Amino acid sequence: MYKANAVSENRLPELLKAMPKAELHIHIEGSLEPELIFKLAKRNQVNLPYSSVEELRGAYAFTNLQSFLDIYYAGASVLIKEEDFYDMAWEYFLKASRDNVVHAELFFDPQTHTSRGIAMSTIMGGLSRACREASEKLNISSALILCFLRHLSEEEALLTLDEALPFRDQFIGVGLDSSELGHPPEKFAKVFAKCKGLGLRLVAHAGEEGPTSYIWSALESLGVERIDHGVQSLGDPALIKYLSDKRLPLTVCPLSNVKLKVFSKLSDHNIGQMLDQGLCVTINSDDPAYFGGYINQNFLETFSALGLGTSQAYAFARNSFEASFASTEQKEKWFHALKLCFESFIEND
Ligand code: ADE
Ligand code: ZN
């Protein structure tokens with residue numbers, strides 16, 4: 001729709017920051033900044049195995065997904081009370097607002113908290129309150145997606161679903177995250193079938209570190225509507241055809257992929273090729289407090305490393321709305337706002 005050089009190169013960063021966008025792959029526990037971890041640890045008298053913010057940040061040198069998850073679950077141990085969950089999500093929404101995010105679908109990991117004795121009502125209460133305030137004060141619409149931890153059993157996922165059902169009106173869907181290798185999607189076929197029956201939307205992490213067979217399994221055994229990451233899909237032409245024919249979205253997180261050594265450097269990332277192959281691919285931050293940046297940082301660094309331009313910027317933003325679980329009517333409004341934003345850059349160019 002927009003020609004590659006429609007906006008001069010030196011205004012591209014400004015456009016990337018200003019354009020309205022949706023974020024569809026953000027683990028809210030992954031937005032917990034070291035400063036907030038220390039503040040909450042003090043407030044809740046939780047002992048941390050780090051003596052300072054700097055020391056904690058210094059430990060953020062990951063070799064793969066598991067090395068990150070170990071630190072990420074330790075960081076989440078400071079979340080005890082309703083207001084802790086609220087503060088975490090509110091801080092995210094403030095940053096998202098600065099990045100011109102107009103819609104966010106937030107993952108949360110209840111088992112990380114219920115296993116420490118935190119009540120589901122505490123988690124849901126804090127997160128839902130932040131979502132309501134994001135709508136009222138920042139004009140950001142949002143929704144919550146409950147993720148099952150795939151390193152735990154399906155029985156534990158089913159129990160977690162039962163615990164969450166009194167709050168059914170506060171989350172729109174379920175996902176699957178945590179350690180991918182050795183935990184293929186089909187392990188969770190029963191719980192996902194139950195969720196589908198309850199009218200929940202379905203997503204799953206697949207093809208982050210795992211093989212393309214895990215992406216197929218997420219599609220076929222779980223019936224997911226979006227794939228989180230899915231960067232391994234380029235190895236399988238039949239899969240690319242299936243995903244592009246069906247416009248099945250992939251929520252890609254470029255800075256995460258580099259920090260977790262899925263790609264050795266950003267200029268090696270395949271997201272540009274994914275877009276070229278006709279996939280409905282989006283850019284997201286995953287765990288921004290751990291991976292060096294929020295959504296706009298992901299856009300800026302990816303565009304710079306891969307030499308992407310205006311037409312790709314438009315495609316990623318448009319895809320983010322298309323791939324969201326918002327209503328068709330709401331999507332049309334965002335498409336229109338996006339068009340106006342691009343036109344304002346072209347006119348003033
Ligand atoms: N939980 C938080 N971030 C994750 C990621 N990138 N992959 C799997 N599980 C996660
Ligand atoms: Zn993720």
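Student: In this predicted model, what share of contacts between residues at least 6 apart in sequence join residues at least 24 apart?

Tutor: The contacts considered here are those in the protein between residues at least 6 apart in sequence. Among them, the share that joins residues at least 24 apart is 77%.

Student: What is the radius of gyration of the protein, which has 17 helices and 8 strands?

Tutor: The protein holds 17 helices and 8 strands. For 349 residues the globule rule gives 20 Å, and the value for the protein is close to that, so it is as compact as a globular protein of that length. The radius of gyration is 19 Å.

Student: Is M274 buried or exposed?

Tutor: M274 has its place in helix 13 (residues 271-276). Leaving aside residues up to four places away in sequence, M274 touches H229, G230, V231, S233, L234, L250, V252, L279 and V281. Buried means under 20% relative accessible area. Because the relative accessible area of M274 is 0%, the residue is buried.

Student: How far apart are the end C-alpha atoms of helix 16 (residues 310-322)?

Tutor: Helix 16 has 13 residues, and at 1.5 Å a residue these should span 18 Å. The model agrees with that expectation, because the separation of the end C-alpha atoms is 18 Å.

Student: Which residues of helix 16 are buried?

Tutor: In the protein as a whole, buried residues make up 57% of the 349 residues. For helix 16, the buried residues are T310, Q312, A313, Y314, F316, A317, N319, S320 and F321.

Conventions: Residues are numbered from 1 along each chain as its sequence is written. Chains are lettered from A and ligands numbered from 1 in the order in which they are written. This is a predicted model: local features need pLDDT of at least 70, side-chain atom pairs count only at pLDDT 80 or more; totals for chains, interfaces and linings use all residues. Side-chain values use heavy atoms; hydrogens and water are left out. Helices (H or I, at least four residues) and strands (E, at least two) are DSSP runs, numbered from the N terminus. The expected span of a helix is 1.5 Å times one less than its number of residues. Buried means under 20% relative accessible area, exposed over 50%, partly exposed in between (1.4 Å probe, protein chains only). The radius of gyration is taken over C-alpha atoms; the globule rule is 2.2 Å times the number of residues to the power 0.38. Contact means heavy atoms within 4.5 Å.
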